[in-house]
Amino acid sequence: MTLTILGACNTSTLSISEIAVVPDEVQKKIISDNELQLISDGKDTFYIVFYSKGIAHADLEVEGDILKIKFEETNPSNDVAEQYVYKITKDPEQEIIEVYINGKSTHFDHVITGL
């Protein structure tokens, strides 16, 4: 799935980091039944919530105006999925987000813009 981002943008630096403490306003928006969610502040900061039954790692790649978020899962199990939350700050030039899990293009189950 390709998501086009519209709205006001400010100058920022591209980054991704897994966060252990999820802000309350983000946690309130998370739906635990959805595997992959995008929650946006309406500007250039996003929270990606990913439920994985393995160990998840995320990387970013940029191609022009496209921001690619690539998740890799290792050591899959049959246990309950664990919540991973990543904070992403994008550059204003990236207007499209593509997401991949284990190399396969996928979509967000839930998208919220504006906290």
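This is a predicted model: local features need pLDDT of at least 70, side-chain atom pairs count only at pLDDT 80 or more; totals for chains, interfaces and linings use all residues.
**Entry 1: Thr45**

I started with Thr45, which touches Ile39, Ser40, Lys87, Ile88 and Thr89, leaving out residues up to four places away in sequence. By contact I mean heavy atoms within 4.5 Å. Thr45 is found in strand β4. My strands (E, at least two residues) and helices (H or I, at least four) are DSSP runs, numbered from the N terminus. Buried or exposed, I wondered about Thr45? Thr45 counts as buried, at 15% relative accessibility. The classes I use are buried under 20% relative accessible area, exposed over 50%, and partly exposed in between, with a 1.4 Å probe and protein chains only.

Residues are numbered from 1 along each chain as its sequence is written, and side-chain values use heavy atoms, with hydrogens and water left out.

**Entry 2: the whole chain**

Next I stepped back to the fold. Of the 115 residues, 40% are buried. I also looked at contacts between residues at least 6 apart in sequence: 70% of them join residues at least 24 apart. The accessible surface comes to about 6400 Å², and carbon and sulfur atoms account for 47% of that. Those areas come from the Shrake-Rupley method with a 1.4 Å probe; for residues, only the protein chains shown count as cover.

**Entry 3: the five-stranded sheet**

What is the strand order in the open sheet of five strands? I read β2-β7-β4-β3-β10, with mixed pairing. I call two strands paired if DSSP finds at least two bridges between them. β2 (15-18) and β10 (110-113) are the edge strands; each has a single partner strand, so one side of each lacks a neighbour in the sheet. Neighbouring strands here are turned by 15 degrees against each other on average, direction ignored. For that angle, axes are lines fitted to C-alpha atoms (for helices, over the stretch in contact), and angles run from 0 to 180 degrees between N-to-C directions.

Inside the sheet I checked β3 against β4: they run antiparallel and are joined by five bridges. Gln37 stands opposite Val49 in β4.

**Entry 4: the β5-β6 hairpin**

Strand β5 (residues 55-63) pairs with β6 (residues 66-74) in the antiparallel sense, over nine bridges. His57 faces Glu72 of β6 across this pairing. Two residues lie between the strands of the hairpin, and Gly64 takes a positive phi near 65 degrees.

How many salt bridges does the structure hold? I get two, counting a side-chain nitrogen of Lys or Arg within 4 Å of a carboxyl oxygen of Asp or Glu. In one, Glu61 goes with Lys70, and the closest N and O atoms are 2.7 Å apart. Glu61 is partly exposed at 28% relative accessibility, and Lys70 is partly exposed at 30%. In the other, Glu63 goes with Lys68, with 3.1 Å between the closest N and O atoms. Glu63 is partly exposed at 40%, whereas Lys68 is buried, with a relative accessible area of 12%.

**Entry 5: the cores**

I then looked for nonpolar cores, meaning sets of buried Ala, Val, Leu, Ile, Met, Phe, Trp, Tyr and Cys residues joined through side-chain atoms within 4.5 Å. The largest has 17 residues, and Leu36, Ile48, Ile69, Phe71, Tyr86, Ile97 and Phe108 have the most contacts inside it. Two or more residues each come from β3 (36-40), β4 (45-52), β5, β6, β7 (82-89) and β8 (96-101). There is a second, separate core of nine residues, including Ile39, Tyr47, Tyr51 and Ile112.

Leaving aside neighbours within four places in sequence, its contacts include Leu36, Ile48, Phe50, His57, Tyr86 and Asn102.

**Entry 6: two Asn residues with positive phi**

Asn102 is found in the loop between β8 and β9 (104-106) and is partly exposed, with a relative accessible area of 40%. Asn75 also has a positive phi of about 50 degrees without being a glycine. Asn75 is found in the loop between β6 and β7, and at 58% relative accessibility Asn75 counts as exposed.
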